[in-house]
Amino acid sequence: MDLGFLLKALIPSWNSVAVLMIFFAYLAVAGSILPGKLVPGVTLQDGSRLHYCCNGLLALLLLVGLLGVGSKVNFVSPTVISDGGLELLSATFIFSFLAMMVLYAAGCRSQSKRSSLKPHITGNPIHDWWYGMQLNPQFMGIDLKFFFVRAGMMGWLLINLSILAKSVQDGTLSQSMILYQLFSVLYILDYFVHEEYMTSTWDIIAERLGFMLVFGDLVWIPFTFSIQGWWLLNNKVEMTTAAAIANCFVFLIGYLVFRGANKQKHIFKKNPKALIWGKPPKVIGGKLLASGYWGIARHSNYLGDLLVALSFSLPCGISSPIPYFYPIYLFILLVWRERRDEVRCAEKYKDVWAEYCRLVPWRIFPYLY
């Protein structure tokens, strides 16, 4: 790929802008009118609680169905994304930047005293722009933080489906591509089946909406999590049966740890007396769960996430480090996030956290870290 072609491909086309805007418009409308379980968020500092309509699975299935019908009647090409991926990437990046400028300006002007909209201004504009100033900014009644992460996960699936269509069209469909696509679609569908668990994650309850989250949700998730698919589209990998089976086990173990840990924490927050692995939960200081996965490592969900990420890359073989960008990046991110989480928890829980760390000494990897 020559530099001139690359620079030209990175300039957003009107087609890529239209695809992005139609996608966002669909999510806004579908999220507002489709039925779904109304889930209360955590109680904020001022005693208020936001409510989230978890209809993401229905919105996703309807969107895929509409696109499938559209491709059958030649209204939309199934390879529209894979044919113009770089243009769509640059259009999404520019939108993320512009959206954050609007959010920054809104945060500076906000006079709200509500916990979800109260501006947190440090005086450092770069810090405030990167980490955000408002916890849950809204637009036309839409919680933007919840909306953006939903858009990122759906966008990842749509990119993958377009890559799959391109692979079939070019006659390059391989076992490796099938495994990667299978793991990805199972992970994404599982996310939307358990979308309500997202309402109790750190991103939703504690992180303010800054460029870090906007860019991460809209650009980083869909376009870097799909690198393996783009790579397999242009590189043929032969997998042995044993390698394929081992790859499936890595995904399965990672999924069980990731989903199990998040489910245990979510259930514990809703009902602190609910059984964990058939036994009453061990609770430190009446606040911190030390049973199940959370009695093995303080951030066991990160371990599961890392194993799942690795399973996405293993179908690509070991001939190139490019397909392993996602698990390597995720490892660095989660270790950094774990360090930030530890500092916050030490400040919040004080002696209770120290007791929990004594009881559960391992951070992410049992007996290693």
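Is Asn136 buried or exposed? Asn136 is buried, with a relative accessible area of 2%; here buried stands for under 20% relative accessible area, exposed for over 50%, and partly exposed for values in between (1.4 Å probe, protein chains only).

## Basis of the report

The model is predicted: local features need pLDDT of at least 70, side-chain atom pairs count only at pLDDT 80 or more, and totals for chains, interfaces and linings use all residues. Residues are numbered from 1 along each chain as its sequence is written, and side-chain values use heavy atoms, with hydrogens and water left out.

Asn136 belongs to the loop between α6 (125–131) and β3 (138–139). Helices (H or I, at least four residues) and strands (E, at least two) are DSSP runs, numbered from the N terminus. Setting aside neighbours within four places in sequence, Asn136 is in contact (heavy atoms within 4.5 Å) with Leu50, Tyr52, Ser116, Leu117, Asp143, Lys145 and Ile204.

Ile204 is part of helix α9 (residues 202–205) and is buried, with a relative accessible area of 3%. Ile204 and Asn136 are 68 residues apart along the chain, and their C-alpha atoms are separated by 8.1 Å. Not counting residues up to four places away in sequence, Ile204 touches Tyr52, Leu135, Asn136, Lys145, Phe146, Met198 and Thr199.

## The second largest pocket

The second largest pocket holds about 890 Å³ of space. On a 1 Å grid over the protein atoms alone, a pocket is an open set of points where a 1.4 Å probe fits, with protein on both sides within 12 Å along at least five of seven lines; lining residues have an atom within 4 Å of a point. Grid points are joined across faces, edges and corners, and the volume is the space filled by probe spheres set on the points.

The lining of this second largest pocket comprises 34 residues, and Leu67, Val76, Val80, Ile81 and Leu158 lie nearest its centre. At least two lining residues come from each of α2 (14–33), α3 (56–72), α4 (80–83), α5 (85–109), α7 (144–170) and α10 (211–224). By class, the lining has 25 nonpolar, nine polar and no charged residues. In this scheme Ala, Val, Leu, Ile, Met, Phe, Trp, Tyr, Cys and Pro count as nonpolar, Asp, Glu, Lys and Arg as charged, and the others, Gly among them, as polar.

## Salt bridges

The structure holds 13 salt bridges, each being a side-chain nitrogen of Lys or Arg within 4 Å of a carboxyl oxygen of Asp or Glu. One of them joins Lys236 and Glu238 (3.5 Å, N to O); Lys236 and Glu238 are both exposed.

Arg363 forms a salt bridge with Glu338, with the closest N and O atoms 2.5 Å apart. Arg363 lies in the segment after α15 (351–359) and Glu338 in helix α14 (residues 325–349), so this pair ties together parts that are 25 residues apart in sequence. Glu338 counts as buried at 0% relative accessibility. Arg363 also meets Glu342 in a salt bridge (3.9 Å, N to O). This pair links distant parts of the chain, 21 residues apart, with Glu342 in helix α14. Glu342 is buried, with a relative accessible area of 9%. A network of salt bridges links Arg298, Glu338, Arg339, Glu342 and Arg363.

## A buried charge without a partner

Asp217, in helix α10, is buried yet has no salt bridge; Arg337, the nearest side chain of opposite charge, is 7.9 Å away. Residues up to four places away in sequence aside, Asp217 touches Lys145, Phe148, Val149, Gly152 and Pro222.

## Phe268 in helix α12

Phe268 lies in helix α12 (residues 241–270) and counts as buried at 11% relative accessibility. Not counting residues up to four places away in sequence, Phe268 touches Val283, Lys287, Leu288 and Leu289.

## Positive phi values

Most residues other than glycine have a negative phi. Asn74 has a positive phi of about 60° although it is not a glycine. Asn74 is found in the loop between α3 and α4 and is exposed, with a relative accessible area of 70%.

Tyr367, also a residue other than glycine, has a positive phi near 70°. Tyr367 is placed in the segment after α15 and counts as exposed at 69% relative accessibility.

Notes. Lys and Arg count as positive and Asp and Glu as negative; His and the chain ends are not counted.
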